[in-house]
Amino acid sequence: MHLHVASAYSMRFGAASPKALADRAAEFGMRTLALTDRDGLYGAVRHVRACAEAGIAPVLGADLALLPADQARPGGPGLERVVVLAEGKAGWTSLCRLVTAAHAAGERGQARITRAMVAEHSAGLVVLLGPSSDFGRAVTERERGRAVALLDAWRATGAEVAVEIVNHHGRGDGPRAARMLALAREAGVPAVLGNGVRYLEGADHPVAQVLDVARKLVPLHRRHLDDQTGHAYLKSEEEMRRSAALACGLDEADDLVAATKRLAERCVLDPGRDLGMGRAHLPDTGPEPHGQLLARCLQGLRGRGLERREGYEARLAHELDIIGRKGFASYFLTVADAAALIRDLGIRCAIRGSGAGSLVNFLLGIGDLDPLRHDLVMERFLADSRPGLPDIDLDVESARRLEAYEALFHRFGTDATACVSMMETYRARSAIRDVGGAMGLPPQEIDAIAKAFPHIRARQIRAALTDLPELRRSNLNNAQLNVIFRIAERLDGLPRHIALHPCGVILSNPTLRDRTPVEQSTAGFPMSQFDKDDVETMGLLKLDVIGVRMQSSMAHTVAEIERTTGERLDLAAVPRADEPTFEMIRSARTLGCFQIESPGQRELVAKLLPRTVDDLVVDISLFRPGPVGSDMVNPFLDARHGRRPAVFPHPDLEPVLRESQGIVVWHEQVLRVLDVMTGCGLSDAEGMRRRMSSDEGLQAVGTWFRERAHARGYDGPTVERVWRTLAAFGAFGFCKAHAASFALPTYQSAWLKRHHTAAFFAGVLSHDPGMYPKRVILDDARHFGVPILPLDVNHSQALWRVEDGGIRVALAEVRGISEVEVERIAGRRPYASLGDFWRRAHASRPTVERLVLAGAFDALYRDTPVGRRDLLCRVGALDRASSVRPSAGLVAGQLPLGDDLATPEPGMLEDVPLGELPPMAPSEIVEAELDILGMDVSRHVISFYGDLLRALGVVPARDLPDRGKGEEVLVAGVKVATQTPAVRSGQRVIFATLDDATGPVDLTFFESVQDRCAATVFGSWLLLARGRVHKPGFRAASLTASECWDLGVLDEAWREGGIGAVRRIMAASGPSSGGRPIGRRTTYSSGFAVSPYADVGHAGPQVRRGPPARLWHASQGSSGPTDP
Amino acid sequence: MTRVFGDPVEVRVTGGRPAGFAWRGRRYAVRRVLEHWVTTRDWWREREPDADEPGEREYWRVEAAANGGEPGVYELRHDSTTDAWTLSRLWD
C-alpha cells in the first residue's frame, strides 16, 4: 500500500535495499509496494525483481524536484518535490521520458521538472502532492489562496492528481495533514496516505541522518536534518492508520487507507506487458534477418578459405539452428556491424570471452579466433539452455574507446543507444570518510583513518580492526572512533553515486527512451540509469566494448616501429611459433607482457616452460583460483614434464582431457565430461554447469550425474572420482575461449618485447597496461639494454618514443602538465633557451619549474656553468617580469633569443646571476625525478643505499637463484607491488615485489609473520627483508620472508650510529607471536578456503604512486646521502 | 506564563495517548490533546553515543486539570529508551 518509498537507490538519502523493503511489505501482508526513488529509476528493475520474489505487486514512480520558480529564497526549506507514479504501459513510457527530460533540464546530477514538462508527458502519470510539494508548502505557510491555485495548476497538466497526507509526528505535522486533507476534500481531489519512507525501521534513522548531512556536506546538527522524528520507516497498515487518525480522525483514516490501496492496485505494473521485460528489444536489421545471417556466414566461410573443410559446415548449421530457435539473428548482425565499424576506424579490436567459441562470430568477423582450431564449443556462449541474450565482449584500444563509442552512437542513432551505468557503493574507506565528516572530525584525521584500512567492505571494518595485524597495532580502537565505525558499517553497500560502466553500450531501436531513463555521464555520454543486470532483465542488447591498455600499448609500439624503420607490421600475421620469444617467456623475463607479468605468473611460466600459443592458453587458465584451489597445477606440471604419466579418470575421457594432461581446466571440458558420461548433450551440460555455482545446485547436479553415469555403465569409484574433480572445479573454472582470446595478445606482446624491444617499452610506458609502477618497467628496459633518454623540451613528445635505439621520456609524465601545454611545447620547437621557451610555449609557471627540475633544459645548457637551480631562479624572474609589464619583451622576433647566457634575458627586470648556485646532487636529482615524473630516470634510487646494503651483506635479486634452497638471506629494494590473492589454504598471504636495480625479488609473507611485518610491508616504500630462499621453478627464486624493516629508518640509524645502530634495530623486531589466523575463512564444498581479505587492495597509499613524501630526511647542511 | 520543569511524573496511558498524570501529589485528568510530536535524540552529541539504540522523545501538549482546579496546559515528555515520563513545561 505504500506509494512513496525511497530505497538506497535514492543516493545519500534512502537507507534500505529494494529487496529488504519488498520482503518487509510482504511480511506485513501488503499486496503492493511502490518504489519512488529520488531523481530517477535507478532501483526500479531491482524493485520489480524483489517484488516478484516476495510475492507482491510492484508500483513504480519517482520523487522529482521542481525547478525553483524564484531563485531568491536562500536558506529555505529545500527544494519542492512531487512524486510521480506510472499507471500502465503508457505511464511507464511517460515516466521514463519525464525522468530523462528532468535530467536534461537541470545541471548534471540535478534533475528538475516543471509542470510544463509533466504536461508534455502526462499520459498515465499520477502526481502525488505531499507536504514537500509546492502545494504542501503553501498549506504549511497557511497561504490558502496559493494552495488552491497550485492544485488547479497541477490538475491542468492533464496528469491525474492526488494529495498525499503524511504524518511523521513532527511538530505541526498533524495539523498540516488535517489542513491538506480539508483542502483536498473541498477541491474534490482524491487524497491518499504516504509515509515518505527512507529506511526499514525506526532504529535506522541515525543512518538517514548521517546521509542527510553527508549529502549536504555539513556536520551533524539538528537544523540540517530532513529526518527529525525517526518515523520515515516502512510502517504497517495499522501504524499508518494510527498516524492518520491522530491527525485527521478515525473515519478519515479508514477512508484514506482504502483510497491508498485503490490507487496502488491501479498503478500495479506488469513486468512483461507494461515494462517489456522478458523480450529482446533489438535494433532493426531489415527484413529476413536469419537469411541475411546465413548469407554472411557462408560468405565468411569462403572469405576465410574454410569452404570445404571438414566439420565447418556442420558446426555452422548447428549454431545457426540455435540462433534461429532463439530468434537472435538481428543480434549477431548488429554486433558484426558494430565490430566492423570499430575496425574501420583503425582501432585494434579483439573478441574476448565465451563469444570466441562461436563459429558464427568468427565468420562474421566479430572475432579472429577460429573456434574449431582451438577446440572451443559454442554452448558455453549460446545454448538452448541459456536464458537471455548472449554476451559478446570486444577489447579495443583503451585510448580510443570513447572514439569507438561515438561511432556506435552515430551509427545506431542517439535515440537508440545509451551507455550502461553502475552504482558506486559505500565501502570501508568511503563510509568512514562520510561518517567522519558528519561527526565533525578534521579532514586530515579522516583521511589518515580511512587510508589505514585496506579496500574492504564497510561491514568488515570492526572485524578488520581485530583481524589484521597492521590495524591491531594502530590506535584506532577507541570509543569515539567506535561510533563512527559502527555507523560506517551500516552504510555498507549503499549506492553513493552513479558512474559510467567501464564498457557497456546498449544498442537498441528508437523505443529505447520509452524503456529506460537516461542521464548524462561526466564524459557527456547519454547513460541509462540501469546497470548491466537491469539492462539484461529489460531485454536490451548490451555490447561490452572494453578498453584494454595493452591494445593501445601495442598500437603505439607498431606505430613507433613504422615511424622509425618504415616497416608496417601486421601483428595478426606474426609467426606464432617464434622460438626466441618463447625462450624469453620461459626465462620469466615477462614484465610488461600481457597476463604473464605478475610474480605468480612469472613463477608459473618458469615451471610450465611454454613452447606454443596453446601452452599459453593452458598457462593463463591454470593461473586461476580454481586450479590452484583444487591442486591441479602440480599434477599437470608433473605430467607435462614427464615426471609421471597423465592419469585419466576413465579412458572415455582421454580425448576430452588429453590437452590438459588429465586434469579439468576449462568450462568446455566440464561440458564434455558431463556429456560423455551422461549423454545429456552439450546444451543441457551447459545448463548443469551453471547450476553448479551454488551449493544446492551442486548437490542436485551431483545426484543427477551419479544416476545417469551409473545407468550408462560407469562403475562407482570412477563416477565418484570424476564427480569429485568436477565439484572441486565448481564455479572457479575458466572458459577456454576466454583464455584463448587472451593468449593471443599475450604472445603478441611478448613477441614485440623480444624483437622490437625499445618500441615495446615506449608503448608500455605510454599506456601503462600492467600492474607495476612505471619505474619498474623503466628499470626492466635498462636490463634489456634500452637506453633511457632524459626529458628534453626539444625532443620529448606527448608520449614515449623511440630515438636512436633508446626511449625518450614523455612530456605527459610531468606531473600536472596539461594536454594543451604538451601540444604547444611540441608544436613550437625548437627552443634556443629558457627565455625563448617561456615566451613561446606559454606553459604555466609550475609546469616550467617542473620541467627545469626534471632536467628538460639540461641539454640546452650543457657545457655551461648554468645549473637547474639557476634556471629555477630565472623562471621566477621571467614570471615576475611578465606579470609586472605584460607587454614587455613579449613581441616575438623583436628580441634576441637569449643565446648569450651571461646576459639577462631580455624583458627581465632583475639580473639573475648565472652559474653561481651549486649544482643539484645526484640524490636531489633522483628525488626531483620521483616527485615530478614518478620514476627515477637518471639512476636507480636504491643505488644511494649501496654502502649500507653491502655492509649488511644484502643479496642482489640477480644473484638470488645462485643461493641454495632454504638458505637465509637479506634482500632490499623499492616496493613495487603488494597483493593478497586467494590461495589454497585460505590464509591471507601477502606477496610483495621489491626492485633493487638488478631485477625483481618476490617475497611471501605468511600469516605467521604478519604480526610484526604487515604494517611495515604496507607502510614503507623502501624495504629490507630477511627470509629463506624458495625455488619454485627451474630458474626462478623467491623469498619466504620472516622479518622486514623500513630501509629509510635503517639508513638514518646508520648515518647516526653506524652499522651497530642498524643491527640493534634489526635485532629489536622481536619474535612473532606465532601468528593467529587472520579473519574467518569461507570454505567451499571443494575444500578450497578463501580469506575475507583475499584480493582486496591493501592498507595505506597506492604502491603505484611512488614515494610518500621526501625520501631522505635531510639533516641541516647535508645534501642527502652521499654517492655510493 | 511559561514555566519549565523537569519533574518526573506518572502518566496513565489509554488508547496510545495520555489520559491522566500525577504530579506533586495531585492527580490531573487530561481533557484534550492539543499537540503531539516526537523528536529523535541528538545522539551524536552524547559522550558515548549509542546510535544502535537511538530511541525517541515523544511530546504531548495537553489541556489538563487537577480535581476541582483550573485547567492549564501541560507538556509531557516520554523517553522511549528509559520509558520515563517528565513534565517538561506548563502554562498557567
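Residues are numbered from 1 along each chain as its sequence is written, and chains are lettered from A and ligands numbered from 1 in the order in which they are written. In this predicted model, local features need pLDDT of at least 70 and side-chain atom pairs count only at pLDDT 80 or more, while totals for chains, interfaces and linings use all residues.

Reader: What average pLDDT does chain A have?
Author: The pLDDT is the predictor's confidence in each residue, from 0 to 100. In chain A, 92% of the residues score at least 70, and the average is 89.

Reader: Over which residues of chain A is the pLDDT below 50, with 26 or 17 contacts beyond near neighbours in sequence?
Author: Where pLDDT is low, the predicted coordinates should not be read in detail. Contact here means that the C-beta atoms of two residues, placed from the backbone, lie within 7 Å. The stretch with 26 such contacts is residues 885-903 of chain A, and the stretch with 17 is residues 1113-1124 of chain A.

Reader: In what order do the five strands of chain A close into a barrel?
Author: Strands (E, at least two residues) and helices (H or I, at least four) are DSSP runs, numbered from the N terminus; two strands pair if DSSP finds at least two bridges between them. The pairing in the barrel of chain A is mixed, and the order is 17-18-19-21-20. From one strand to the next, the twist averages 55°.

Reader: Which residue of strand 21 of chain A is the bridge partner of A:Leu1003?
Author: Strand 19 (residues 1000-1005) and strand 21 (residues 1038-1046) of chain A run parallel and are joined by two bridges. In strand 21 of chain A, the partner of A:Leu1003 is A:Leu1039.

Reader: At what angle does helix 44 of chain A run to strand 21 of chain A?
Author: Axes are lines fitted to C-alpha atoms, for helices over the stretch in contact, and angles run from 0 to 180 degrees between N-to-C directions. Helix 44 (residues 1047-1067) of chain A lies across strand 17 (968-979), strand 20 (1022-1030) and strand 21 of chain A. Its angle to strand 21 of chain A is about 100°.

Reader: How many bridges join strand 10 of chain A to strand 9 and to strand 13 of chain A?
Author: Strand 10 (residues 495-507) of chain A runs antiparallel to strand 9 (residues 417-425) of chain A, and A:Met423 has A:Ile498 as its bridge partner. Strand 10 also pairs in the antiparallel sense with strand 13 (residues 541-548) of chain A, where A:Leu541 is the bridge partner of A:Leu507. The bridges number eight with strand 9 of chain A and four with strand 13 of chain A.

Reader: Why are helix 23 and helix 35 of chain A described as oblique to each other?
Author: Angles under 35 degrees count as roughly parallel, over 145 as roughly antiparallel, 65 to 115 as roughly perpendicular and the rest as oblique. The axes of helix 23 (residues 549-565) and helix 35 (residues 757-767) of chain A come within 8 Å and cross at roughly 140°. Helix 23 of chain A and helix 35 of chain A are therefore oblique.

Reader: Is the crossing of helix 23 and helix 34 of chain A left-handed or right-handed?
Author: A crossing is left-handed if the near helix is turned anticlockwise from the far one by less than a right angle, and right-handed if clockwise. The axes of helix 23 and helix 34 (residues 736-755) of chain A come within 11 Å and cross at roughly 35°. Helix 23 of chain A crosses helix 35 of chain A in the right-handed sense, whereas its crossing with helix 34 of chain A is left-handed.

Reader: Which residues of helix 20 of chain A meet helix 16 of chain A?
Author: Helix 16 (residues 428-438) and helix 20 of chain A have axes that come within 9 Å and cross at roughly 125°, which makes helix 16 of chain A oblique to helix 20 of chain A. From helix 16 of chain A, the residues are A:Ala431, A:Ile432, A:Val435 and A:Gly436. Those of helix 20 of chain A are A:Ile484, A:Ile487 and A:Ala488.

Reader: Which helix supplies the largest share of the side of chain A that touches chain B?
Author: The contact takes 21 residues from chain A and 16 residues from chain B. Helix 7 (173-187), helix 8 (205-216), helix 9 (237-248) and helix 20 (479-490) of chain A each supply at least two residues of that side of chain A. The largest share, four residues, comes from helix 20 of chain A.

Reader: How many helices and strands does chain B have?
Author: The C-alpha atoms of chain B fill a box of roughly 45 × 30 × 25 Å, taken along the principal axes. From the N terminus on, its elements run β-β-β-β-β-β-β. The secondary structure of chain B comes to zero helices and seven strands.
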